[in-house]
Amino acid sequence: MKRTEWNIDEPKPQTLSVEHGFWSGQAIICIDGREIFQRTGKLWDTGLEHRFDIDGVPCIVRIIHRFMSYSYELWVDGKLK
């Protein structure tokens with residue numbers, strides 16, 4: 001599984017990570033090592049958008065399906081990290 005991490009400064013310093021299985025479609029999102037979301041395998045993984053709040057600050061994690069790859073985005077309070 002591929003792991004992507006971001007350091008978030010707002011509202012307080014934290015680390016957000018996404019683990020994503022290219023072939024399995026499994027996805028796990030964690031904040032400071034604590035799991036906040038898990039998707040089990042998906043036969044045809046077309047990507048993911050998961051919305052959540054960190055201490056009242058809106059966040060979005062996107063797994064974007066490209067032709068033969070994926071890209072990963074984190075939006076915090078409307079800003080791309």
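In this predicted model, Ser-17 is buried, with a relative accessible area of 4%. Ser-17 belongs to strand S2. Apart from neighbours within four places in sequence, Ser-17 is in contact with Arg-3, Thr-4 and Glu-5, and also with Ile-28, Ile-29 and Cys-30.

Cys-30, one of these contacts of Ser-17, is itself buried, at a relative accessible area of 11%. The sulfur of Cys-30 has its closest cysteine sulfur in Cys-59, 14 Å away; because a disulfide requires the two sulfur atoms to lie within 2.5 Å, this separation is too far for a bond. Cys-59 likewise takes part in no disulfide, and Cys-59 is buried, with a relative accessible area of 2%. A search of the whole structure accordingly returns zero disulfides.

| Residue | Relative accessible area |
|---|---|
| Ser-17 | 4% |
| Cys-30 | 11% |
| Cys-59 | 2% |

The largest nonpolar core comprises 19 residues. Those with the most contacts inside this core are Leu-16, Val-18, Phe-52, Val-61, Ile-63 and Leu-74. Two or more residues of the core come from each of strand S1 (2-8), strand S2 (14-20), strand S3 (27-31), strand S5 (47-54), strand S6 (57-65) and strand S7 (70-76). In soluble globular proteins, nonpolar side chains tend to be buried together.

Phe-52 illustrates the contacts in this part of the model. Leaving out neighbours within four places in sequence, Phe-52 is in contact with Leu-16, Ile-31, Ile-36, Val-57, Pro-58, Cys-59 and Val-61. Among these partners, Leu-16 and Val-61 are listed with Phe-52 as residues with the most contacts inside the core.

Definitions and conventions: Residues numbered from 1 in each chain as written. Predicted model: local features only at pLDDT ≥ 70, side-chain atom pairs only at ≥ 80, totals over all residues. Heavy atoms only, no water. Core = buried A, V, L, I, M, F, W, Y, C linked by side-chain atoms within 4.5 Å. Buried < 20%, exposed > 50% of the residue type's maximum accessible area, 1.4 Å probe, protein only. Helix = DSSP H or I, 4+ residues; strand = E, 2+ residues; numbered from the N terminus. Contact = heavy atoms within 4.5 Å.
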